[in-house]
Amino acid sequence: MLMALRYLCLVLCLALFVTEADGCKEFVAYRRTVTFFQAFQQCRLFGGYLAFIESAEENAQVVSAIKAVGDFTKEWYIGATDLGNEGNFLWFGVNKKATYLNFVQGEPNNSGGTEHCVVTASGKWKDMSCDYRAMGFVCAHIRH
């Protein structure tokens with residue numbers, strides 16, 4: 001009985017999560033020097049998620065959000081990671097497979113075997129250590 005109740009709770013939580021993540025996205029950049037997981041926590045505190053980018057149009061919106069607050073040529077965290085499954089990127093926090101990718105040539109390269117989080121700079125992506133302190137981060141806020 002307890003296992004069935006846990007399963008039901010999990011299903012309901014996932015259903016509510018999918019509903020929340022299906023709205024219209026608004027991207028907001030925050031200029032704060034943080035690690036990947038600090039950026040994730042900040043986005044959740046602000047009511048959003050680290051940016052999950054699903055098209056070239058959304059990537060351009062992320063660049064615009066960064067330009068509004070800082071230097072878009074510097075590294076800014078977005079929500080992609082391959083932590084735990086090298087080379088297979090997903091959007092952390094929303095648990096979606098990253099199907100749109102915009103890595104600069106030669107990336108991702110997992111240099112030193114420790115690069116599992118993704119930053120954007122000048123609109124192109126590269127993998128970095130999750131402990132790297134980026135210029136800032138971009139959150140996606142879901143609007144219904």
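Which residue does a disulfide join to C43?

Modeller: Keep in mind that this is a predicted model. A disulfide joins C43 to C139, with an S to S distance of 2.0 Å. The two partners come from distant parts of the chain: C43 sits in helix α2, C139 in strand β8, and 96 residues separate them. The torsion about the S-S bond is -90°, and the link of C43 and C139 is left-handed. Both ends, C43 and C139, are buried.

Now look at the helix that carries C43. Helix α2 runs over residues 36-45, and its buried residues are F36, A39, F40 and C43. These four lie on the same side of α2, because they cover an arc of only 100° around the axis. On the other side of the helix, Q41 and L45 are exposed. What does the buried set pack against? The partners are four strands: β2 (49-50), β3 (76-81), β6 (115-121) and β8 (136-143). Strand β8 is also where C139 is found. After α2 comes G47, with a positive phi near 90°.

C117 is joined to C130 by a disulfide with S to S at 1.9 Å. This disulfide is right-handed, because the torsion about the S-S bond of C117 and C130 is about 85°. The pair again links distant parts of the chain, 13 residues apart: C117 is in strand β6, and C130 is in the loop between β7 (124-129) and β8. C117 has a relative accessible area of 0%, so C117 is buried. C130 has 10%, so C130 is buried too.

How many disulfides does that make? The count is 2. Counting the bonded cysteines along the chain, the pattern is 1-4, 2-3.

One more cysteine deserves a check, C24. Its relative accessibility is 52%, so C24 counts as exposed; the cut-off is over 50%.

Last, a charged residue. E58 belongs to helix α3, residues 56-69. Is E58 buried or exposed? E58 counts as buried, because its relative accessibility is 15%, and the limit for buried is under 20%. Neighbours within four places in sequence aside, E58 is in contact with K25, F27, F52 and I53.

Terms used
Residues are numbered from 1 along each chain as its sequence is written. This is a predicted model: local features need pLDDT of at least 70, side-chain atom pairs count only at pLDDT 80 or more; totals for chains, interfaces and linings use all residues. Side-chain values use heavy atoms; hydrogens and water are left out. Buried means under 20% relative accessible area, exposed over 50%, partly exposed in between (1.4 Å probe, protein chains only). Helices (H or I, at least four residues) and strands (E, at least two) are DSSP runs, numbered from the N terminus. The arc is that of the directions from the helix axis to the C-beta atoms. Contact means heavy atoms within 4.5 Å. A disulfide is a pair of cysteine sulfur atoms within 2.5 Å.
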